[in-house]
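Please open the model in your viewer and keep the sequence panel beside it. The tour below goes from one selection to the next and says what is there at each stop.

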Amino acid sequence: MLKEKTIPVYVKSIIQETPQVKRFTLAPVEETSLPAFSAGSHITTYIDGKERNYSLTNHPDTMDSYQIAIRLSETSTGGSLYWHHEVKVGDTVRVSYPRNHFPLSFKAKHHVFYAAGIGVTPFISMMLELKDQGSSFELHYAARSKELCAFYDFLQANFPHQSHFYFSKGNEAKRLQETTLLEHRIGTHVYFCGPDSFMTDLTEAAVRFDYPRSSIHHERFAPPRPKNAASFQAQLTRGEVIHVEKDQTFLDALLEAGIQAPFSCRVGRCGTCELKVFDGIVDHYDSFLSEEQKSAQNVILTCVSRAKSGKLVIDF
């Protein structure tokens, strides 16, 4: 398996943002500064044998620490549960170098961020950078209530004129409407981050409202789940036949077979794991390939996509 370079950091502080969200500040152990990052970047953390991706929420100019915010998931399989209940100030953990699969568009005349819940995290660094540049932007942020809205005080203090909140509970409940997309001027780029249904609904609405595809951006830390995943076989051109179980990714099956398959993000966003397909029908779940590339049926992103046919022939 390919090994990724990691950085040792220690937990400098922990802040309880909301009852479900904690903010962690991570400082370097061995060096005086950490690798630089750009707005919208994330890091992978490696704790308790699990890898998890989290957006960096501090200013991109910051070199002495990384900040991440983690929501305790009701369906946690260990990642957020461990961070919330086991990690203490002073603990040392390892993190990846920053990566950015969700950059700001340099073509945008106006940036509009749509967030739900913890989906606000990648937008914090973006807004800090845009504010410094004097660029035009706004945030539309949906949460259940003010008390459950992470970074509420920070956003009110730093972006009082750009932040719009939608709280679904309480006496003055107000829900975010898709028709808000119709209020933005020509040249606007929209960015979505939140639960899968939130991003899917807004993306489909933006397309319906004639936003160019190149003006629509979204960030998924977890890929869509196949509704009816089935096992399949992959015939590699170099000889091996790989069996992929229904609850296993194609990438994991390759790695478990001892094959040095390329990969990076594991959520279908970066394209690192792309392989050519010579035969078979691919069931695409990535957000990297264009619709035309998916229709061509000649490539697959092994970290998330599968086979609609029982067998694929792969150039590897």
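Helices (H or I, at least four residues) and strands (E, at least two) are, throughout this tour, DSSP runs numbered from the N terminus. The model is predicted, so local features need pLDDT of at least 70 and side-chain atom pairs count only at pLDDT 80 or more, while totals for chains, interfaces and linings use all residues. Residues are numbered from 1 along each chain as its sequence is written, and side-chain values use heavy atoms, with hydrogens and water left out.

**Stop 1: a pocket**

Select helix 4 (196–208), strand 11 (216–219), strand 15 (282–283) and helix 6 (291–296), each of which supplies at least two residues to the lining of the second largest pocket. A pocket here is an open set of points on a 1 Å grid over the protein atoms alone, where a 1.4 Å probe fits and protein lies on both sides within 12 Å along at least five of seven lines; lining residues have an atom within 4 Å of a point. The volume of this pocket is about 1000 Å³, a volume being the space filled by probe spheres set on the points, which are joined across faces, edges and corners. Of the 36 residues in its lining, those closest to the centre are Arg213, His218, Ser287, Leu289 and Glu291. Helix 4 gives the largest share of the lining, 6 residues.

From helix 4, move on to Asp210, which sits in the loop between helix 4 and strand 11. Asp210 is not a glycine, yet has a positive phi of about 70 degrees. Asp210 is exposed, with a relative accessible area of 67%; exposed means over 50%, buried under 20% and partly exposed in between, with a 1.4 Å probe and protein chains only.

**Stop 2**

Next, display the open sheet of 6 strands, whose order is 4-3-6-1-2-5 and whose pairing is antiparallel. Its edges are strand 4 (50–55) and strand 5 (66–71), each of which pairs on one side only. Two strands pair if DSSP finds at least two bridges between them. Inside this order, strand 3 (residues 42–47) and strand 6 (residues 92–96) run antiparallel and are joined by 2 bridges; pick Tyr46 and look across to Arg94, its bridge partner in strand 6.

**Stop 3: aromatic rings**

Now show the aromatic side chains: the structure holds 16 aromatic pairs. Rings of Phe, Tyr and Trp (its six-membered ring) pair if their centres lie within 6.5 Å, and planes under 30 degrees apart count as stacked, over 60 as edge-to-face and the rest as tilted. Tyr152 and Phe167 form a tilted pair, because their ring centres are 6.1 Å apart and their planes stand at 55 degrees. Tyr152 belongs to helix 3 (residues 152–158) and Phe167 to strand 9 (residues 163–167), 15 residues apart. Tyr152 is buried at 14% relative accessible area, and Phe167 is buried at 18%.

Go on to Phe232 and Phe250, where the centres are 5.8 Å apart and the planes at 75 degrees, so the pair is edge-to-face. Both Phe232 and Phe250 are buried. Another selection is the cluster that ring pairs make of Phe102, Phe113, Phe123 and Tyr191.

**Last stop: a loop**

Finish at Phe151, in the loop between strand 8 (137–143) and helix 3. Is Phe151 buried or exposed? Phe151 counts as buried, at 4% relative accessibility, and its phi is near 70 degrees, a positive value in a residue other than glycine.
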